[in-house]
Amino acid sequence: MDWLRVGAFVMLIFYHVGFSFTPWGYQTPTRGVVQWAEIPLLALSAWRLALLFAISGYASAALLSRDRDTVSFLKSRLLRLGLPLLFGLTVIVPPQPYMGLLNTGYTHGYGYFLFHDAFSFRKVIYENLPAVMHLWFVIYLLAYTVVLCFAMMLLPDRWLAGLRRGALKVLAGPWLLPAGCLAIYAVRSVGAEWTDTHNVFTDVVAHLHYGGMFLFGFLLRGSEGLRQAIARQWKPALLVGLAGYAFVVVEAWHFPGNVRTPRAWMEPLDFAKAVQCWGTVIALFGIADRFWNHDARWRGTLAEAVFPVFIAHQTVMVLAGYWLRDKGLTALPEFLTLCVLVAGGSWLFYLLGREVGPLRRLIGLKRAKPPRKRKAAALPSTAA
């Protein structure tokens with residue numbers, strides 16, 4: 001699972017860098033838009049966040065089984081997620097809206113912005129401040145963790161066991177693929193419009209989707225039957241995901257960029273995205289279990305670096321993109337340069353942060369362990 005988690009966050013860096021080259025827009029757009037750039041990004045868009053929340057649910061179940069106490073688990077997660085969230089919102093994120101404001105005529109320096117506008121709880125030009133940017137993911141993850149823990153503490157054990165049995169009865173068998181596709185389609189489009197506003201208080205439909213994926217990952221960690229069902233069905237799941245993506249590509253080809261999709265296409269498109277999402281997530285879990293279930297020298301370091309790299313990567317990207325935009329590069333050199341700068345800058349953030357004791361908890365790492373005391377070796381006497 002560590003390899004899948006690392007791969008998912010590496011993919012996130014390429015996705016965010018590529019976003020700057022699409023017609024969809026970003027804080028620091030490049031000089032030119034590559035019209036076809038949305039096609040490879042659409043291969044990731046429908047399932048990347050669902051996968052991350054499912055992986056987070058799986059990791060939460062693993063940590064809870066280690067703590068063996070819901071209260072202790074909740075306290076540890078509040079610290080492990082809450083401290084980096086506060087640090088990120090106050091220190092790491094503010095440069096992003098500031099760069100966005102500079103692009104729209106803001107004339108003040110960063111110091112003025114930080115002390116007068118960044119935390120003013122108002123709209124400045126086009127930016128709603130304070131901004132959460134990419135750290136909305138941590139806010140949602142923390143919210144789902146709190147809700148899950150309170151449910152486990154307040155609901156009777158027989159209710160929880162019944163809910164678990166009911167979910168496994170549907171998922172740990174031949175209904176794994178169709179039930180998952182229909183469930184995601186239902187929560188994303190039936191009776192409500194897909195929101196994904198990144199507002200934790202109003203993002204109801206997104207919570208049903210992302211929270212459901214979080215619970216799926218949590219359920220998977222303790223179910224051998226569900227793991228075996230995924231092992232049997234990951235190949236057809238991959239085909240299902242690719243079929244959904246094929247329809248998404250056809251829609252993007254006919255209605256590229258910000259061209260409005262006709263109403264007649266909307267329901268099929270929503271269903272195709274649901275199919276792409278669930279099929280790809282199941283396929284990736286199956287692939288990880290089949291081919292990536294092994295250790296390696298760099299696994300521990302890479303797994304530890306994921307959270308700090310996530311915290312830093314988008315701010316590094318915005319700053320690097322703003323610096324690069326006037327260098328006269330064409331799309332491909334600019335994309336490759338941005339990828340190198342974002343990966344390198346984020347990795348440097350991790351390397352420096354892990355060596356500074358007080359910073360470790362602020363960037364999502366465990367408190368540094370005290371050095372082991374050397375045991376005095378019992379040497380034979382050399383006295384004459």
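Buried means under 20% relative accessible area, with exposed over 50% and partly exposed in between (1.4 Å probe, protein chains only). This is a predicted model, in which local features need pLDDT of at least 70, side-chain atom pairs count only at pLDDT 80 or more, and totals for chains, interfaces and linings use all residues. Residues are numbered from 1 along each chain as its sequence is written, and side-chain values use heavy atoms, leaving out hydrogens and water.

## Aromatic pairs

Rings of Phe, Tyr and Trp (its six-membered ring) pair if their centres lie within 6.5 Å; planes under 30 degrees apart are stacked, over 60 edge-to-face, and the rest tilted. The count by this rule is 25 aromatic pairs. F9 and F310 have ring centres 5.6 Å apart and planes at 70°, so the pair is edge-to-face. F9 lies in helix 1 (residues 2-19) and F310 in helix 13 (residues 299-324), so the pair ties together parts 301 residues apart in sequence. Helices are DSSP runs (H or I, at least four residues), numbered from the N terminus.

Y98 and Y106 have ring centres 6.1 Å apart and planes at 90°, so this pair is edge-to-face. Y98 is buried, at 9% relative accessible area. Y106 is buried at 8%. Ring pairs also link a cluster: F9, F53, W136, F137, Y140, Y144, Y210, F214 and F310.

## A charge over a ring

The charged end of R48 sits over the ring of Y15, 3.9 Å from its centre. The rule asks for NZ of Lys or CZ of Arg within 6 Å of the ring centre and within 35 degrees of the ring normal.

## The second largest pocket

A pocket is an open set of points on a 1 Å grid over the protein atoms alone, where a 1.4 Å probe fits, with protein on both sides within 12 Å along at least five of seven lines; lining residues have an atom within 4 Å of a point. The second largest pocket is lined by 34 residues. R5, A59, L63, R77 and R80 lie nearest its centre.

Helix 1, helix 3 (48-67), helix 4 (70-92), helix 7 (136-154) and helix 13 each supply at least two lining residues. Helix 3 gives the largest share, nine residues.

## A buried serine

S223 lies in the loop between helix 10 (204-221) and helix 11 (224-254). S223 counts as buried, at 7% relative accessibility. A polar atom of its side chain lies 3.0 Å from the backbone nitrogen of L226.

Notes
A polar contact is a pair of N or O atoms within 3.5 Å; within protein, one must be able to donate a hydrogen and the other to accept it, and residues adjacent in sequence count only if both atoms are side-chain atoms.
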